[in-house]
Amino acid sequence: MKQQNIKFLLTLLISMLSVKAPAHDIEVANSDGVIIYYTYINDSTELEVSYQGSKYDSYSNEYSGDVVIPESVTYNEKTYPVTSIGEYAFYVCSGLTSITIPNSVTSIGDWAFVYCTGLTSITIPNSVTSIGVYLNGPE
């Protein structure tokens with residue numbers, strides 16, 4: 001009986017170690033076919049642009065080229081406004097060349113565009129009233 005319990009606990013422990021929870025809740029392709037990662041915010045009534053993976057530095061360059069963030073996203077037959085760019089959302093996306101942020105966005109989190117060395121154009125609308133620290137890296 002003890003041997004069965006030990007095997008069960010070892011199997012449970014191994015399965016727990018291999019599971020990584022993503023930081024993003026959903027991923028949706030925008031009108032250009034670019035996949036954008038989102039997390040639910042404000043009691044799951046709005047979306048925030050996020051990064052791919054379980055941690056902000058799990059992947060790099062998940063965003064590249066010209067990225068246009070939509071004002072809203074429909075997922076599972078429900079439409080959510082995109083109101084925020086999260087912390088580290090575009091961290092080390094050196095292939096990102098331009099980004100257009102819609103009027104629905106009101107805040108940009110800390111370190112949002114850090115080390116985006118290829119970024120040459122960013123459109124930030126007047127609706128953005130809060131911008132975090134180190135928008136494009138510490139100088």
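This is a predicted model: local features need pLDDT of at least 70, side-chain atom pairs count only at pLDDT 80 or more; totals for chains, interfaces and linings use all residues.
Two strands are said to pair if DSSP finds at least two bridges between them.

**Strand β6 and its partners**

Strand β6 covers residues 78-85 and runs parallel to strand β3, residues 46-49, to which three bridges join it. Within this pairing, V49 has I85 of β6 as its bridge partner. Strand β5, residues 72-75, also pairs with β6, but in the antiparallel sense and over four bridges. Here the bridge partner of T74 in β6 is T79. Together β5 and β6 form a hairpin, and two residues lie between the strands. In the turn of this hairpin, N76 has a positive phi of about 50°. A further pairing, parallel and over two bridges, links β6 to β8. In that case S84 stands opposite S107 in β8.

| Strands | Sense | Bridges |
|---|---|---|
| β3 and β6 | parallel | three bridges |
| β5 and β6 | antiparallel | four bridges |
| β6 and β8 | parallel | two bridges |

**Residue D110**

Where does D110 lie? D110 is found in the loop between β8 (107-108) and β9 (121-123). Is D110 buried, partly exposed or exposed? Its relative accessibility is 25%, so D110 counts as partly exposed, given that this class lies between under 20% for buried and over 50% for exposed. Leaving aside residues up to four places away in sequence, D110 touches E87, Y88, G132 and V133. The C-alpha atoms of D110 and A89 are separated by 9.0 Å, while the two residues are 21 residues apart along the chain.

Key. Residues are numbered from 1 along each chain as its sequence is written. Side-chain values use heavy atoms; hydrogens and water are left out. Buried means under 20% relative accessible area, exposed over 50%, partly exposed in between (1.4 Å probe, protein chains only). Contact means heavy atoms within 4.5 Å.
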